[in-house]
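Work through the exercises below with the model open. Each task is followed by a stepwise solution.

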Amino acid sequence: MKKITLLLLAVLLGAASVASSRAASRPNFLFILADDLGWSDLGCYGHAQIKTPNLDRMAKQGTLFTQFYVNGSVCSPSRCAFFTGQYPARQKIHGHYATPEQNTARGMSQFLDPKVPNAAALLKSAGYATAHVGTWQLASNSGGPEPGAYGFDFVGSGEKGGAGILADDPFYRAKSTELFVNEALKFIESNKDRSFLLYLSHYAVHTPLESKQELAEKYKAKAAGLPQAPEPRSVYGSYKTRQRQDHAVYAGMVQSVDESVGRVLQKLEELGLEQNT
């Protein structure tokens with residue numbers, strides 16, 4: 001009986017060790033969203049003026065998509081698809097959430113139902129630490145619950161402001177990229193020994209366009225040296241665009257997003273998490 005008990009104990013300890021090993025090896029998930037960023041605005045897709053070395057490195061080391069489809073061309077439906085894995089029309093999210101009256105007129109729901117299965121709730125139920133930092137866009141502005149109701153343990157700054165800065169600050173969007181990343185890095189540091197999901201959703205490069213002044217000035221100087229290009233013109237019903245990017249403020253916003261990605265990647269490397277995230 002003693003031998004059987006010792007054998008059983010050894011089996012249980014072995015099983016516990018395997019379970020612990022599996023739990024420790026579970027990957028972290030980091031989802032970074034840049035609102036309204038055009039795919040051709042990055043160096044890895046051939047942009048010649050805007051500098052995006054961190055995103056270019058991710059493209060080189062990971063996967064660069066050259067054929068892809070997004071479920072919505074604007075904020076709310078695309079976020080629904082990312083977050084739930086469902087077509088946004090299934091949740092009556094056909095466009096961006098606006099006022100209740102506008103949502104009703106367009107046959108939309110007023111907010112994403114928190115009972116719909118989503119990535120945060122599922123991972124939280126599996127023992128993950130979960131965080132949302134940045135813009136939500138799934139209708140807390142039209143009567144819906146805050147992101148915490150969807151399975152996030154930590155909810156950082158977002159559309160309504162944060163860290164003592166109100167969203168009606170005329171420079172909040174310019175400040176938000178750095179603000180959001182500061183909070184994201186604190187979450188990663190706090191959960192370095194635990195599997196986590198971090199959903200980092202930037203305002204940039206959504207309108208209104210607001211950039212750090214030093215970056216805007218840098219790209220303004222660059223634009224001044226670019227060769228002139230003809231105005232866009234209609235070609236067989238399609239639209240031919242300029243062969244140059246000379247919007248200095250927009251370019252500055254893109255670089256800010258890239259720099260924020262660089263800070264996150266650096267933090268993961270410092271903590272030894274880059275191979276498991």
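This is a predicted model: local features need pLDDT of at least 70, side-chain atom pairs count only at pLDDT 80 or more; totals for chains, interfaces and linings use all residues.

**Exercise 1. Describe how helices α2 and α8 meet.**

Solution. 
- Step 1: Two packed helices are described by the angle and the distance between their axes.
- Step 2: Read them off. The axes of α2 (residues 53-61) and α8 (residues 248-270) come within 7 Å and cross at roughly 60°. That makes α2 oblique to α8.
- Step 3: List the contact. From α2 come P53, N54, L55, R57 and M58; from α8 come D258, E259, V261, G262, L265 and E269. These residues divide into 5 nonpolar, 2 polar and 4 charged.
- Step 4: Look for a charged pair. The side chains of E269 and R57 form a salt bridge, 3.2 Å from N to O. E269 lies in α8 and R57 in α2, so the pair ties together parts 212 residues apart in sequence.
- Step 5: E269, at 38%, counts as partly exposed. R57, at 29%, also counts as partly exposed.

**Exercise 2. Which parts of the chain does the pair E146 and K160 link?**

Solution. 
- Step 1: Take the distance. In the salt bridge of E146 with K160, the closest N and O atoms are 2.7 Å apart.
- Step 2: E146 is in the loop between β2 and β3, K160 in the loop between β3 and β4 (161-162), 14 residues apart.
- Step 3: E146 counts as partly exposed at 41% relative accessibility. K160 is exposed, with a relative accessible area of 55%.
- Step 4: Note the total. The count of salt bridges comes to 8.

**Exercise 3. Work out the strand order of the open sheet and what packs on it.**

Solution. 
- Step 1: Count the bridges. β1 (residues 29-34) is joined to β6 by 6 bridges, and the two run parallel. β2 (residues 129-134) is also joined to β6 by 6 bridges, again parallel. Between β2 and β3 there are 2 bridges, in parallel.
- Step 2: Write the order. The 4 strands run β1-β6-β2-β3. The edge strands are β1 and β3 (154-155), each pairing on one side only.
- Step 3: A34 stands opposite H202 in β6. H132 stands opposite Y199 in β6 and opposite V155 in β3.
- Step 4: Helix α6 (residues 172-190) lies across β2, β3 and β6, at about 175° to β6.

**Exercise 4. Is strand β6 enclosed or open, and why?**

Solution. 
- Step 1: Recall the pattern. In a regular strand the side chains alternate between the two faces of the sheet.
- Step 2: Sort the residues. F196, L198, L200 and H202 point one way; L197, Y199 and S201 point the other.
- Step 3: Conclude. In β6 (residues 196-202), 7 of the 7 residues are buried, so the strand is largely enclosed by the rest of the structure.

How values were computed: Residues are numbered from 1 along each chain as its sequence is written. Side-chain values use heavy atoms; hydrogens and water are left out. Buried means under 20% relative accessible area, exposed over 50%, partly exposed in between (1.4 Å probe, protein chains only). Two strands pair if DSSP finds at least two bridges between them. Axes are lines fitted to C-alpha atoms, for helices over the stretch in contact, and angles run from 0 to 180 degrees between N-to-C directions. Angles under 35 degrees count as roughly parallel, over 145 as roughly antiparallel, 65 to 115 as roughly perpendicular and the rest as oblique. Contact means heavy atoms within 4.5 Å. Ala, Val, Leu, Ile, Met, Phe, Trp, Tyr, Cys and Pro count as nonpolar, Asp, Glu, Lys and Arg as charged, and the others, Gly among them, as polar. A salt bridge is a side-chain nitrogen of Lys or Arg within 4 Å of a carboxyl oxygen of Asp or Glu.
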